[in-house]
Amino acid sequence: MMTSERNKTFDYYLGIAILLVVLGHFSFPSIIEDKNYQYLHDLIYKFHMPLFFFLSGLTVSFSIDSKVYDWRFYRLKATKFLKPFIVIVLLYTMRSHFMGRPLNEITSDVLNIIIMPAKSKVKFLWFIQVLFIFYLITPLLRKVIEWKAELAVILVLVISQFSASYFFSIDLICENLLFFSLPIFIKHYDVHDILTSLKVNRLLRLVNMLILVAYFSNFSLPKVIHCSVLCFMVWSEVMRKEDYGDYNIFIEIGRRSYIIYLWNIPIINVMYVIWWKFIPDVHHYVFILCTTILCIILCVMGSNFSVKNINLKI
């Protein structure tokens, strides 16, 4: 059901997801040695990107009926994803040039960023590349689902089991396609009423709590299972529009999640150099907390002048 009211629950989960992404990016040698942080880091990396792709697929599943998939749609997505990709590559190139690196090394690095970003010196750009590819293939995926949904399910499940090449992030496409397409399948099979019922919602919450307890008890389920359960719970919560109040910090962060993703690593790297050179006696937990807060503040302020926020209306 479409209304003019923005879905705050969607922003709430985006805020949680992007905050976990920021916390997971402090994997410097002097910090990752801390067993407590390493435990948190490993936990975050078990589900935070599948959750992000699921939320991205959620926007597609509710905008696809009214979206015309022609050159205007692709121009919109190209502007959103390729423009920051190009800007960041150019900034990296300029930085490398000012550092006096040879032209052939810079050219090689730029090619690596484009061809296999996850293995390059600007690793975080892989998400933008993969998400852009997902948006490109969404019309085809929708047509296959409408033609024979069971075939589409089998196809996605088979692809998700592949461990393919690093080129153009094919391995990460295979790994995350299931979570991106899951909302589209849920909407197609029309199980909205089942997932949003109070009993199912509470059951999904309970199962997720048990999975978390199992993790801390050193018992880990396969990623596809625990991430899928989490995604079903998020769908239920978003569709039920749980009330988180008129103002919630996670909602405000979620509305700026894209710009936070783009700039959190450069900010963290700069702050790490400052911490390491000038204030090394400050405990790394204090550094993580202060840098995370600073990163959120800077990106929230910057979002008012740059990137458009996601606006999911359900």
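Arg95 lies in helix α5 (residues 71–98), where helices (H or I, at least four residues) are DSSP runs numbered from the N terminus. With a relative accessible area of 48%, Arg95 is partly exposed, a term for values between buried, under 20%, and exposed, over 50%, with a 1.4 Å probe and protein chains only. From C-alpha to C-alpha, Arg95 and Ile106 are 9.9 Å apart in space, and eleven residues separate them in sequence.

The model is predicted, and its local features need pLDDT of at least 70, side-chain atom pairs count only at pLDDT 80 or more, and totals for chains, interfaces and linings use all residues. Residues are numbered from 1 along each chain as its sequence is written, and side-chain values use heavy atoms, with hydrogens and water left out.

| Helix pair | Angle | Axes |
|---|---|---|
| α8 and α9 | about 160 degrees | 8 Å apart |
| α7 and α8 | roughly 130 degrees | within 5 Å |

The α7 and α8 pair is therefore oblique, the class left over when angles under 35 degrees count as roughly parallel, over 145 as roughly antiparallel and 65 to 115 as roughly perpendicular. Leu141, Val144, Ile145 and Trp147 of α7 meet Ala149, Leu151, Ala152 and Val156 of α8, in contact through heavy atoms within 4.5 Å. By class, this contact of α7 with α8 has eight nonpolar, no polar and no charged residues.

Helix α8 (residues 149–160) also packs with helix α9 (residues 170–189) at an angle of about 160 degrees, which makes α8 roughly antiparallel to α9. Residues of α8 including Val153 and Leu157 meet residues of α9, among them Leu177 and Phe185, and the residues of this contact divide into eleven nonpolar, three polar and one charged.

The largest nonpolar core has 88 residues, and Phe26, Phe53 and Leu125 have the most contacts inside it; such a core is a set of buried Ala, Val, Leu, Ile, Met, Phe, Trp, Tyr and Cys residues joined through side-chain atoms within 4.5 Å. Helix α7 (residues 126–147) gives the largest share of this core, eleven residues.

His226, placed in helix α12 (residues 223–240), counts as buried at 10% relative accessibility. Leaving aside neighbours within four places in sequence, His226 is in contact with Lys46, Phe47, Asn208, Ile211 and Leu221.

Key:
Axes fitted to C-alpha atoms, helices over the stretch in contact; angles between N-to-C directions. Helix = DSSP H or I, 4+ residues; strand = E, 2+ residues; numbered from the N terminus. Nonpolar A, V, L, I, M, F, W, Y, C, P; charged D, E, K, R; others polar.
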